[in-house]
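Visitor: I have a structure on the screen and some questions about it. Can you walk me through it?

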Amino acid sequence: MEHAPPANVLDLAVLVCGPLGYEDTAAYRPLRHLADQLATAGHLTLRLDWPGLGDSAGEDTDPDLAERALAAIHRGVAHLRARGAPRVAILGVRGGALYALAAAAAEELILWAPPARGKAFLREERTFHKLAARAYGSPPPDARPPPPGSVEAGGFLYNPAVVAAIEAIDPVERVRAHPPRRVLVLEREHTTECGALVEALHALNAEVATGTATGLGDLLENPYHSRLSDEVAAQVLRWCRQGAAPATLRAPPPAPGALSLSGITERPWSLATSAGALCGVLCEPVRAAPGVPWTLFFNAGGIRRAGPNRLWTRAARALAAAGRPSIRFDVRDVGDSDGVHAPHPDLEAMYAEDSIEDALAAYDAVRALGAAAVDVVGLCSGAFLGVQVAARRPVRRAVLFNGLAFIWNDEARANGMTSQIGRSLFDGRRWRRLLAGRIDARALATAVWKKGRLRAAAGVARLRGEKPPDEVTDLLRQVLDRGTELHLVCSEGDPSIEYLRAHEDPRRRPNLAVLPGVDHTIRPLWAHASVIRWITGTPTT
Amino acid sequence: MLTDQVRDIVLKTCRLSNPEQITASSDLYAAGLSSLTTVHLMLALEDAFGVEFPDRVLGRKTFESVQAIADVIAELQEQS
């Protein structure tokens with residue numbers, strides 16, 4: 001993705017090489033905003049999607065992903081130079097910093113929390129997986145483990161060849177082999193992991209600036225609430241501005257056409273709305289038969305259109321291989337779509353009417369492209385959008401994972417608040433967290449009171465022999481009455497199961513299924529094939 | 001004291017609410033410690049104490065409280 005300066009172009013262009021794996025999921029939107037800031041400041045900026053991630057070609061099992069990543073960096077630098085930038089700096093974040101060092105494609109570098117070594121980085125990823133996997137259950141007996149020598153972390157895989165390539169990266173050795181001229185090193189707080197690198201750079205007479213990678217957790221941890229540290233942005237902008245001179249750019253080359261992938265093609269898709277442009281990817285077979293249904297993929301919270309664990313990209317390509325087109329896109333404020341800088345500051349934003357408006361606009365655009373029928377896919381807030389669209393437009397089939405709310409009402413708000421502390425208010429650990437001040441006690445009390453009042457009202461209605469009002473049940477019935485084949489798939493133990501039980505109509509149930517042993521965003525690798533089979537319509541259970 | 005040093009690093013590395021209420025036995029995960037933050041905490045502890053957490057102790061139990069962390073660090077320091 002290129003970010004061109006609107007005016008006052010400077011001679012330094014920046015290639016942003018984001019983090020890898022799960023960290024990419026969270027950091028995507030904040031890095032987009034940093035790229036916007038760099039462009040506004042006069043620096044032509046290009047962001048890379050790594051091979052095997054996001055919308056790029058390749059699968060995480062491809063053995064040559066690391067080589068292709070380095071090649072992508074070289075092509076990115078070449079693009080910026082071809083646009084007329086006399087100087088190029090590569091900004092590498094975490095694993096992206098390792099690849100930037102390995103590529104040695106530019107003499108100016110911004111290294112944002114670079115790991116001390118490739119081996120150290122993968123050790124972190126293994127540890128993260130070990131800690132996070134406690135949220136998973138046991139894999140089924142027929143689940144295939146990753147190949148020996150792989151590293152699984154947060155829903156992503158580093159295959160054995162990639163592991164070997166990353167483990168071989170020693171930042172100190174790399175800068176000695178290819179000395180950069182000018183470097184900004186932003187070290188992770190409370191560590192000295194960049195000490196040896198900075199010392200080596202000084203010994204090489206590089207122009208070295210150092211700073212602190214404040215707010216790294218906010219950047220990397222949670223895609224629903226990730227944010228860019230103002231301090232880091234200021235450090236990067238200041239460093240880029242130093243010594244920069246005016247420059248003139250050449251016109252951009254013609255926009256790339258389609259990405260061709262073994263009988264399917266993908267091309268950028270965008271839609272102008274009242275909030276700006278919605279960005280997405282149209283994925284279609286080379287020859288689509290007329291009358292086949294199209295699929296529309298909705299964001300899961302703040303996760304961009306590639307989907308949780310890149311599942312939407314993979315499912316879209318599986319659908320196209322079966323002759324069925326799809327669009328995966330970002331609602332406003334998410335991924336590459338226009339909107340505010342800090343996505344989803346709270347649950348209200350995630351379930352806002354604006355998102356429904358965007359989803360309906362995308363649906364209408366798909367029909368305008370000639371889709372005879374439309375299927376929808378979503379997870380969490382994406383499931384909310386799926387139900388809302390299916391209630392208002394003809395939807396052939398909806399496959400919705402872990403929907404915590406289908407109507408954003410007082411009950412959903414109350415569930416949203418109480419779900420932050422778990423299903424049981426009588427879990428002592430949850431109360432300690434409340435008492436520790438992590439949760440807004442007043443908002444929680446209001447939510448609990450509302451939830452109690454709703455349940456009490458329902459109880460009174462039943463005592464009177466009246467049907468308790470249930471707009472969620474009515475909505476689901478409405479979707480089924482419109483003829484939608486509705487599949488609600490929940491992770492084992494997910495709060496969405498309780499929500500569905502509370503609103504099910506025993507006379508008129510959608511298809512319900514439980515995925516055992518997985519968390520809310522379905523991170524275990526062994527479950528991904530099941531998700532794709534659900535979406536393509538070929539589940540085994 | 002080791003637990004005080006560990007507590008200091010925990011509070012600097014991890015954004016936990018009401019840090020003044022974190023004691024040696026406080027449940028750090030209940031106080032907001034996440035899997036990813038635990039990894040960052042691990043690195044900060046290794047840096048501060050000159051130890052490396054072996055695979056066998058890399059689990060939630062090790063990081064569930066300041067005291068649990070201090071106990072593991074003490075064991076690692078004894079072994080080195």
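Guide: One term comes before the rest. Two residues are in contact if their C-beta atoms, placed from the backbone, lie within 7 Å. Keep in mind that this is a predicted model.

Visitor: Which residues does Ile73(A) touch, not counting residues up to four places away in sequence?
Guide: Ile73(A) lies in helix H2 of chain A, residues 65-82. Leaving out residues up to four places away in sequence, its contacts are Leu15(A), Cys17(A), Ile90(A), Tyr99(A), Ala100(A), Ala103(A) and Ala105(A).

Visitor: Is Ile73(A) buried or exposed?
Guide: The cut-off for buried is 20 or more other C-beta atoms within 10 Å. Ile73(A) has 24 within 10 Å, so Ile73(A) is buried.

Visitor: How many residues does the largest nonpolar core have?
Guide: In soluble globular proteins, nonpolar side chains tend to be buried together. Here, Leu15(A), Cys17(A), Ile73(A), Ala89(A), Ile90(A), Leu91(A) and Ile166(A) have the most contacts inside the largest core. Helix H1 of chain A, residues 21-40, gives the most to this core, with nine residues. The size of the largest nonpolar core is 108 residues.

Visitor: How many residues are in the second, separate core?
Guide: Cys283(A), Ala300(A), Val387(A) and Leu400(A) are among its members. The second core is separate, and its count is 66 residues.

Visitor: What share of the residues of chain A count as buried?
Guide: Chain A has 19 helices and 18 strands. Among its contacts between residues at least 6 apart in sequence, 70% join residues at least 24 apart. Of the 541 residues of chain A, the buried share is 48%.

Visitor: How are H4(A) and H2(B) set to each other: roughly parallel or oblique?
Guide: Two packed helices are described by the angle between their axes and the distance between the axes. For H4(A) and H2(B), the angle is about 135 degrees and the axes are 9 Å apart. The crossing is right-handed. By that angle, H4(A) and H2(B) are therefore oblique.

Visitor: Which residues of H2(B) meet H4(A)?
Guide: H4(A) brings Glu124(A), Thr127(A), Phe128(A), Leu131(A) and Ala132(A). By class, the contact of H4(A) with H2(B) has six nonpolar, three polar and one charged. From H2(B) come Ser35(B), Leu36(B), Thr38(B), Val39(B) and Met42(B).

Visitor: Which residues of H5(A) meet H4(A)?
Guide: H4(A) and helix H5 of chain A, residues 160-167, pack at about 130 degrees, with their axes 7 Å apart. That makes H4(A) oblique to H5(A). H4(A) uses Gly118(A), Lys119(A), Phe121(A) and Leu122(A), and they meet Val163(A), Ile166(A) and Glu167(A) of H5(A).

Visitor: Which residues of H2(B) make the contact with H1(B)?
Guide: Helix H1 of chain B (residues 2-13) and helix H2 of chain B (residues 35-49) pack at about 140 degrees, with axes 10 Å apart. That makes H1(B) oblique to H2(B). H1(B) contributes Ile9(B), Val10(B) and Thr13(B), while H2(B) contributes His40(B), Leu41(B), Ala44(B), Leu45(B) and Ala48(B).

Visitor: Is Asn8(A) buried or exposed?
Guide: Asn8(A) sits in the loop between strand E1 (2-3) and strand E2 (12-17) of chain A. Its phi is near 50 degrees, a positive value in a residue other than glycine. With 10 C-beta neighbours inside 10 Å, Asn8(A) counts as exposed.

Visitor: And Asp333(A): buried or exposed?
Guide: Asp333(A) has a positive phi of about 75 degrees although it is not a glycine. Its place is the loop between strand E14 (326-329) and helix H11 (347-350) of chain A. With 25 C-beta neighbours inside 10 Å, Asp333(A) counts as buried.

Conventions. Residues are numbered from 1 along each chain as its sequence is written. Chains are lettered from A and ligands numbered from 1 in the order in which they are written. This is a predicted model: local features need pLDDT of at least 70, side-chain atom pairs count only at pLDDT 80 or more; totals for chains, interfaces and linings use all residues. A nonpolar core is a set of buried Ala, Val, Leu, Ile, Met, Phe, Trp, Tyr and Cys residues joined through C-beta atoms within 7 Å. A residue is buried if 20 or more other C-beta atoms lie within 10 Å of its own, exposed if 12 or fewer, and partly exposed in between; C-beta atoms are placed from the backbone. Helices (H or I, at least four residues) and strands (E, at least two) are DSSP runs, numbered from the N terminus. Axes are lines fitted to C-alpha atoms, for helices over the stretch in contact, and angles run from 0 to 180 degrees between N-to-C directions. Angles under 35 degrees count as roughly parallel, over 145 as roughly antiparallel, 65 to 115 as roughly perpendicular and the rest as oblique. A crossing is left-handed if the near helix is turned anticlockwise from the far one by less than a right angle, and right-handed if clockwise. Ala, Val, Leu, Ile, Met, Phe, Trp, Tyr, Cys and Pro count as nonpolar, Asp, Glu, Lys and Arg as charged, and the others, Gly among them, as polar.
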